[in-house]
Amino acid sequence: KKRSLRDDLKELDIEYIDLGWRKVSILIVANLAGKASSSCYGSVDFDKCELQLDRDMVYSCEAYDLAKETFIHEIMHCMLEIIGLRGGDEGDEEIKTNNEELATFTSRGLMLLRNLNPKLFSCLFAGEEDE
């Protein structure tokens, strides 16, 4: 049976992402792509503590890979926020670092998110043998 990202989230009762100091709610929103641009399927608002995903994409079995990649993309924004590599609202601030620092920052951020959200990470990175 084909699955949707909504099926995965509902089955595991995942409603938020724990960032350690705050929880970001996962909201499924109608017509998110129409509100911003035709290619916007997800967004994170740290002021409101909300991660929004486009409903049509999240409910679609055919768009499962796109939904999963979009969700991971938005989770990476959360991770970058955790490790202090956030840009401005428009993403126009340049971040200066080097390869070694970036690898250390992101690996620690990813490990922190995984430790705080084990059900979410097992859902996102389940292997074929887990399905």
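**An aromatic pair, a charged network and the overall fold**

In this predicted model, the count of aromatic pairs comes to one. The pair is made by Phe121 and Phe125, whose ring centres lie 5.7 Å apart and whose planes meet at 40°, so the pair is described as tilted.

A second group of side chains brings charge into the picture. Side chains of opposite charge can pair when their charged atoms come close. The structure holds two salt bridges. In one of them Arg3 is joined to Asp8, with the closest N and O atoms 2.7 Å apart, and in the other Glu11 is joined to Arg3, with the closest N and O atoms 3.1 Å apart. Because these salt bridges share partners, Arg3, Asp8 and Glu11 are joined into one network. Within it, Asp8 counts as buried at 9% relative accessibility, Arg3 is partly exposed with a relative accessible area of 30%, and Glu11 counts as exposed at 59% relative accessibility.

Stepping back to the whole protein chain, the reader will find six helices and four strands, which follow the pattern α-β-β-α-β-β-α-α-α-α when read along the sequence. Of the 131 residues in the protein chain, 34% count as buried, and the accessible surface comes to about 8,400 Å², of which 48% belongs to carbon and sulfur atoms. Finally, among contacts between residues at least 6 apart in sequence, 62% join residues that are at least 24 apart.

Conventions
Residues numbered from 1 in each chain as written. Predicted model: local features only at pLDDT ≥ 70, side-chain atom pairs only at ≥ 80, totals over all residues. Heavy atoms only, no water. Helix = DSSP H or I, 4+ residues; strand = E, 2+ residues; numbered from the N terminus. Buried < 20%, exposed > 50% of the residue type's maximum accessible area, 1.4 Å probe, protein only. Contact = heavy atoms within 4.5 Å. Areas by Shrake-Rupley, 256 points an atom, 1.4 Å probe, with all protein chains shown as cover. Phe/Tyr/Trp six-rings, centres within 6.5 Å; stacked < 30°, edge-to-face > 60°. Salt bridge = Lys/Arg side-chain N within 4 Å of Asp/Glu carboxyl O.
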